[in-house]
Amino acid sequence: MDSLKHDEIRQAVRQRYSEVAQSNAACGCGPSCCGTGANASAADASVTLGYSQTDVVMVPDGANMGLGCGNPQAIAALKRGETVLDLGSGGGFDCFLAARQIGDHGHVIGVDMTPVMISKARENAVTGGYHNVEFRLGEIENLPLADLSVDVIISNCVINLSPDKERVFKEAFRVLKPGGRLAISDVVATAVIPEAVRRDITLYTGCMAGASLIDEIETMLAAAGFVDIRLQPKDESRSFIRDWAPGSKIEDYVVSATIEAVKPRS
(Lines give C-alpha, C1' and ligand atoms only; values in the text may rest on other atoms or scores of the structure.)
Protein backbone atom coordinates (compact mmCIF):
# COMPACT_ATOMS: atom_id res chain seq x y z
CA MET A 1 0.00 0.00 0.00
CA ASP A 2 1.55 3.28 -1.14
CA SER A 3 -0.53 5.62 1.03
CA LEU A 4 0.87 4.40 4.34
CA LYS A 5 4.27 2.99 5.20
CA HIS A 6 4.41 -0.75 5.78
CA ASP A 7 5.91 -0.47 9.24
CA GLU A 8 3.38 2.17 10.23
CA ILE A 9 0.61 -0.22 9.25
CA ARG A 10 2.07 -3.18 11.13
CA GLN A 11 2.56 -1.14 14.30
CA ALA A 12 -0.97 0.25 14.12
CA VAL A 13 -2.46 -3.20 13.56
CA ARG A 14 -0.43 -4.66 16.42
CA GLN A 15 -1.53 -1.87 18.74
CA ARG A 16 -5.19 -2.19 17.75
CA TYR A 17 -5.33 -5.94 18.37
CA SER A 18 -3.28 -5.73 21.55
CA GLU A 19 -6.04 -3.48 22.86
CA VAL A 20 -8.68 -5.95 21.71
CA ALA A 21 -6.89 -8.83 23.43
CA GLN A 22 -6.66 -6.93 26.70
CA SER A 23 -10.30 -5.91 26.61
CA ASN A 24 -13.04 -8.07 28.11
CA ALA A 25 -15.44 -6.79 25.44
CA ALA A 26 -16.22 -8.48 22.15
CA CYS A 27 -14.95 -5.91 19.69
CA GLY A 28 -15.43 -7.37 16.25
CA CYS A 29 -13.97 -5.77 13.16
CA GLY A 30 -14.27 -2.10 12.38
CA PRO A 31 -12.53 0.90 14.00
CA SER A 32 -14.49 0.53 17.24
CA CYS A 33 -16.14 -2.29 19.18
CA CYS A 34 -19.05 -2.69 16.83
CA GLY A 35 -19.18 -6.36 15.85
CA THR A 36 -22.22 -6.89 13.62
CA GLY A 37 -24.15 -4.26 15.56
CA ALA A 38 -23.61 -1.88 18.42
CA ASN A 39 -24.80 -4.39 21.02
CA ALA A 40 -23.69 -7.63 19.36
CA SER A 41 -21.88 -10.18 21.49
CA ALA A 42 -19.00 -12.21 20.04
CA ALA A 43 -21.28 -15.24 19.92
CA ASP A 44 -24.05 -13.34 18.12
CA ALA A 45 -21.54 -11.87 15.68
CA SER A 46 -20.07 -15.28 14.89
CA VAL A 47 -23.50 -16.85 14.28
CA THR A 48 -24.25 -14.00 11.89
CA LEU A 49 -20.99 -14.82 10.08
CA GLY A 50 -21.94 -18.47 9.57
CA TYR A 51 -20.79 -20.34 12.67
CA SER A 52 -23.21 -22.62 14.51
CA GLN A 53 -24.42 -22.17 18.07
CA THR A 54 -22.45 -25.31 18.91
CA ASP A 55 -19.26 -23.75 17.51
CA VAL A 56 -19.50 -20.67 19.71
CA VAL A 57 -20.11 -22.56 22.97
CA MET A 58 -17.56 -25.35 22.54
CA VAL A 59 -14.45 -23.14 22.79
CA PRO A 60 -12.90 -21.65 25.95
CA ASP A 61 -14.29 -18.33 27.19
CA GLY A 62 -12.41 -15.49 25.52
CA ALA A 63 -11.26 -17.47 22.50
CA ASN A 64 -13.98 -15.99 20.31
CA MET A 65 -13.74 -12.21 20.10
CA GLY A 66 -16.06 -11.80 17.12
CA LEU A 67 -13.21 -10.63 14.91
CA GLY A 68 -14.07 -12.44 11.70
CA CYS A 69 -15.90 -11.62 8.49
CA GLY A 70 -16.97 -15.18 7.62
CA ASN A 71 -16.39 -18.81 8.54
CA PRO A 72 -13.37 -20.48 6.91
CA GLN A 73 -14.28 -23.74 8.65
CA ALA A 74 -17.26 -24.00 6.30
CA ILE A 75 -15.04 -24.30 3.21
CA ALA A 76 -11.90 -25.94 4.66
CA ALA A 77 -13.23 -29.54 4.53
CA LEU A 78 -10.74 -30.54 7.22
CA LYS A 79 -9.85 -34.21 7.55
CA ARG A 80 -8.67 -36.32 10.45
CA GLY A 81 -4.92 -36.22 10.91
CA GLU A 82 -4.26 -33.07 8.90
CA THR A 83 -1.91 -30.25 9.91
CA VAL A 84 -3.70 -26.91 9.83
CA LEU A 85 -2.24 -23.39 9.93
CA ASP A 86 -4.34 -20.39 10.96
CA LEU A 87 -3.02 -17.02 9.77
CA GLY A 88 -3.77 -14.35 12.37
CA SER A 89 -5.10 -16.75 14.98
CA GLY A 90 -6.13 -14.19 17.61
CA GLY A 91 -7.57 -15.82 20.71
CA GLY A 92 -7.58 -19.22 19.02
CA PHE A 93 -11.26 -19.56 18.08
CA ASP A 94 -10.76 -21.11 14.62
CA CYS A 95 -7.80 -23.15 15.84
CA PHE A 96 -9.87 -24.83 18.53
CA LEU A 97 -12.70 -25.58 16.11
CA ALA A 98 -10.20 -27.02 13.63
CA ALA A 99 -8.61 -29.17 16.36
CA ARG A 100 -11.90 -30.97 16.95
CA GLN A 101 -12.18 -31.78 13.26
CA ILE A 102 -8.66 -33.09 12.68
CA GLY A 103 -8.59 -35.19 15.85
CA ASP A 104 -5.81 -36.20 18.22
CA HIS A 105 -3.51 -37.27 15.39
CA GLY A 106 -3.81 -33.92 13.64
CA HIS A 107 -2.05 -30.69 14.55
CA VAL A 108 -3.08 -27.02 14.49
CA ILE A 109 -0.66 -24.09 14.44
CA GLY A 110 -1.85 -20.54 15.01
CA VAL A 111 0.38 -17.63 13.99
CA ASP A 112 -0.21 -14.08 15.21
CA MET A 113 2.06 -11.04 15.35
CA THR A 114 0.56 -9.67 18.57
CA PRO A 115 2.28 -10.99 21.71
CA VAL A 116 -0.76 -10.36 23.90
CA MET A 117 -2.94 -12.39 21.52
CA ILE A 118 -0.46 -15.26 21.57
CA SER A 119 -0.44 -15.28 25.38
CA LYS A 120 -4.24 -15.20 25.46
CA ALA A 121 -4.52 -18.04 22.94
CA ARG A 122 -2.02 -20.19 24.85
CA GLU A 123 -3.96 -19.66 28.06
CA ASN A 124 -7.15 -20.65 26.25
CA ALA A 125 -5.48 -23.81 24.94
CA VAL A 126 -4.50 -24.83 28.47
CA THR A 127 -7.97 -24.04 29.80
CA GLY A 128 -9.61 -26.11 27.09
CA GLY A 129 -7.13 -28.98 27.26
CA TYR A 130 -6.13 -28.66 23.60
CA HIS A 131 -2.95 -30.74 23.34
CA ASN A 132 -2.82 -30.69 19.53
CA VAL A 133 -2.82 -26.89 19.17
CA GLU A 134 0.15 -24.53 19.42
CA PHE A 135 0.56 -20.80 18.90
CA ARG A 136 3.61 -19.09 17.43
CA LEU A 137 4.50 -15.40 17.41
CA GLY A 138 5.27 -14.19 13.90
CA GLU A 139 4.20 -12.18 10.88
CA ILE A 140 2.16 -13.80 8.16
CA GLU A 141 4.58 -12.30 5.63
CA ASN A 142 7.41 -14.26 7.28
CA LEU A 143 5.88 -17.45 8.63
CA PRO A 144 7.75 -19.29 11.42
CA LEU A 145 7.19 -22.66 9.74
CA ALA A 146 9.24 -25.04 7.63
CA ASP A 147 8.69 -25.62 3.94
CA LEU A 148 6.06 -28.20 2.97
CA SER A 149 4.80 -28.57 6.54
CA VAL A 150 1.01 -28.02 6.49
CA ASP A 151 -1.99 -29.49 4.68
CA VAL A 152 -4.45 -26.62 5.00
CA ILE A 153 -4.24 -22.89 5.66
CA ILE A 154 -7.24 -21.08 7.11
CA SER A 155 -7.61 -17.40 7.94
CA ASN A 156 -10.44 -15.12 8.98
CA CYS A 157 -10.39 -11.42 8.08
CA VAL A 158 -6.62 -11.02 8.50
CA ILE A 159 -4.87 -10.90 5.11
CA ASN A 160 -6.58 -7.60 4.29
CA LEU A 161 -4.55 -6.14 7.17
CA SER A 162 -1.22 -7.02 5.57
CA PRO A 163 0.65 -4.28 3.67
CA ASP A 164 2.35 -7.00 1.57
CA LYS A 165 -0.31 -9.49 0.50
CA GLU A 166 1.81 -10.83 -2.35
CA ARG A 167 4.40 -11.92 0.21
CA VAL A 168 1.67 -13.52 2.36
CA PHE A 169 0.52 -15.72 -0.52
CA LYS A 170 4.09 -16.67 -1.41
CA GLU A 171 4.73 -17.70 2.19
CA ALA A 172 1.48 -19.67 2.24
CA PHE A 173 2.57 -21.51 -0.89
CA ARG A 174 5.98 -22.25 0.62
CA VAL A 175 4.69 -23.90 3.79
CA LEU A 176 1.91 -25.90 2.13
CA LYS A 177 2.53 -29.48 1.12
CA PRO A 178 1.90 -30.43 -2.53
CA GLY A 179 -1.87 -30.68 -2.90
CA GLY A 180 -2.36 -28.41 0.12
CA ARG A 181 -5.13 -25.86 0.09
CA LEU A 182 -6.19 -22.39 1.19
CA ALA A 183 -9.58 -21.81 2.83
CA ILE A 184 -9.88 -18.13 3.70
CA SER A 185 -12.58 -15.65 4.66
CA ASP A 186 -11.48 -12.07 4.06
CA VAL A 187 -12.56 -8.60 3.05
CA VAL A 188 -12.04 -7.77 -0.62
CA ALA A 189 -12.65 -4.67 -2.70
CA THR A 190 -15.33 -4.68 -5.40
CA ALA A 191 -14.47 -1.13 -6.51
CA VAL A 192 -11.42 1.10 -6.26
CA ILE A 193 -11.24 2.42 -2.69
CA PRO A 194 -10.87 6.22 -2.53
CA GLU A 195 -7.42 7.47 -1.62
CA ALA A 196 -8.72 9.32 1.44
CA VAL A 197 -10.03 6.02 2.79
CA ARG A 198 -6.77 4.25 1.93
CA ARG A 199 -4.89 6.79 4.04
CA ASP A 200 -7.19 6.34 7.05
CA ILE A 201 -5.23 4.14 9.45
CA THR A 202 -8.31 3.60 11.61
CA LEU A 203 -10.25 2.17 8.68
CA TYR A 204 -7.18 0.15 7.76
CA THR A 205 -6.87 -1.52 11.16
CA GLY A 206 -10.64 -2.00 11.06
CA CYS A 207 -10.27 -4.46 8.15
CA MET A 208 -11.58 -2.17 5.41
CA ALA A 209 -9.12 0.28 3.84
CA GLY A 210 -6.47 -2.38 3.13
CA ALA A 211 -8.70 -4.63 1.02
CA SER A 212 -7.43 -5.53 -2.46
CA LEU A 213 -9.52 -5.82 -5.59
CA ILE A 214 -10.71 -9.31 -6.48
CA ASP A 215 -8.73 -9.50 -9.71
CA GLU A 216 -5.60 -8.33 -7.85
CA ILE A 217 -5.97 -11.16 -5.35
CA GLU A 218 -6.44 -13.69 -8.13
CA THR A 219 -3.31 -12.37 -9.83
CA MET A 220 -1.27 -12.58 -6.61
CA LEU A 221 -2.42 -16.13 -5.93
CA ALA A 222 -1.58 -17.25 -9.46
CA ALA A 223 1.83 -15.54 -9.29
CA ALA A 224 2.56 -17.42 -6.05
CA GLY A 225 1.87 -20.70 -7.87
CA PHE A 226 -1.67 -21.57 -6.80
CA VAL A 227 -4.24 -23.22 -9.06
CA ASP A 228 -7.99 -23.85 -8.80
CA ILE A 229 -8.41 -20.30 -7.52
CA ARG A 230 -11.96 -19.45 -6.47
CA LEU A 231 -13.16 -16.17 -4.96
CA GLN A 232 -16.79 -15.86 -3.95
CA PRO A 233 -17.92 -12.36 -2.85
CA LYS A 234 -20.75 -12.28 -0.32
CA ASP A 235 -22.89 -9.28 -1.21
CA GLU A 236 -25.06 -9.86 1.84
CA SER A 237 -22.03 -8.99 3.98
CA ARG A 238 -22.45 -5.31 3.10
CA SER A 239 -25.13 -5.13 5.80
CA PHE A 240 -22.73 -5.90 8.66
CA ILE A 241 -19.77 -4.11 7.08
CA ARG A 242 -21.95 -0.98 7.11
CA ASP A 243 -22.02 -1.30 10.92
CA TRP A 244 -18.22 -1.36 11.12
CA ALA A 245 -17.99 2.30 10.06
CA PRO A 246 -21.48 3.86 10.05
CA GLY A 247 -21.90 6.74 7.63
CA SER A 248 -18.63 6.10 5.79
CA LYS A 249 -20.26 4.29 2.84
CA ILE A 250 -17.40 1.79 2.98
CA GLU A 251 -19.89 -0.96 2.12
CA ASP A 252 -20.01 0.52 -1.40
CA TYR A 253 -16.40 -0.60 -1.89
CA VAL A 254 -15.78 -3.80 0.11
CA VAL A 255 -17.45 -7.11 0.91
CA SER A 256 -16.57 -10.31 2.68
CA ALA A 257 -15.53 -13.18 0.40
CA THR A 258 -14.34 -16.76 0.53
CA ILE A 259 -10.98 -17.42 -1.09
CA GLU A 260 -9.93 -20.93 -2.06
CA ALA A 261 -6.86 -22.17 -3.91
CA VAL A 262 -4.71 -25.29 -4.20
CA LYS A 263 -0.96 -25.89 -4.39
CA PRO A 264 -0.24 -28.24 -7.33
CA ARG A 265 0.90 -31.75 -6.46
CA SER A 266 3.83 -31.48 -8.85
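Predicted model: local features only at pLDDT ≥ 70, side-chain atom pairs only at ≥ 80, totals over all residues.
**Stop 1: Phe 96 and Phe 135.** The structure contains five aromatic pairs. Start by selecting Phe 96 and Phe 135, whose ring centres are 5.8 Å apart. Their planes meet at 75°, so this pair is edge-to-face; the cut-off for that class is over 60 degrees. Now show the secondary structure. Phe 96 belongs to helix α5 (residues 93-102), while Phe 135 sits in strand β3 (residues 133-137). The two are 39 residues apart, and the pair links distant parts of the chain.

Buried here means under 20%.

Stop 2: Ring pairs join Phe 96, Tyr 130 and Phe 135 into a cluster.

**Stop 3: helix α11.** Go to residues 238-244, which make up helix α11. Select Phe 240 and Trp 244. Their rings form a tilted pair, with 5.7 Å from centre to centre and 50° between the planes. Why is their separation about one helical turn? Because they are four residues apart in this helix. Phe 240 is buried at 9% relative accessibility. Trp 244 is buried too, with a relative accessible area of 2%.

**Stop 4: charges over rings.** Select Arg 16 and Tyr 17. Arg 16 lies over the face of Tyr 17, 5.1 Å from the ring centre. Finish with Lys 263 and Phe 173. Here Lys 263 lies over the ring face of Phe 173, at 4.6 Å from the centre.

Note on methods:
Residues numbered from 1 in each chain as written. Heavy atoms only, no water. Phe/Tyr/Trp six-rings, centres within 6.5 Å; stacked < 30°, edge-to-face > 60°. Buried < 20%, exposed > 50% of the residue type's maximum accessible area, 1.4 Å probe, protein only. Lys NZ or Arg CZ within 6 Å of the ring centre and 35° of its normal.
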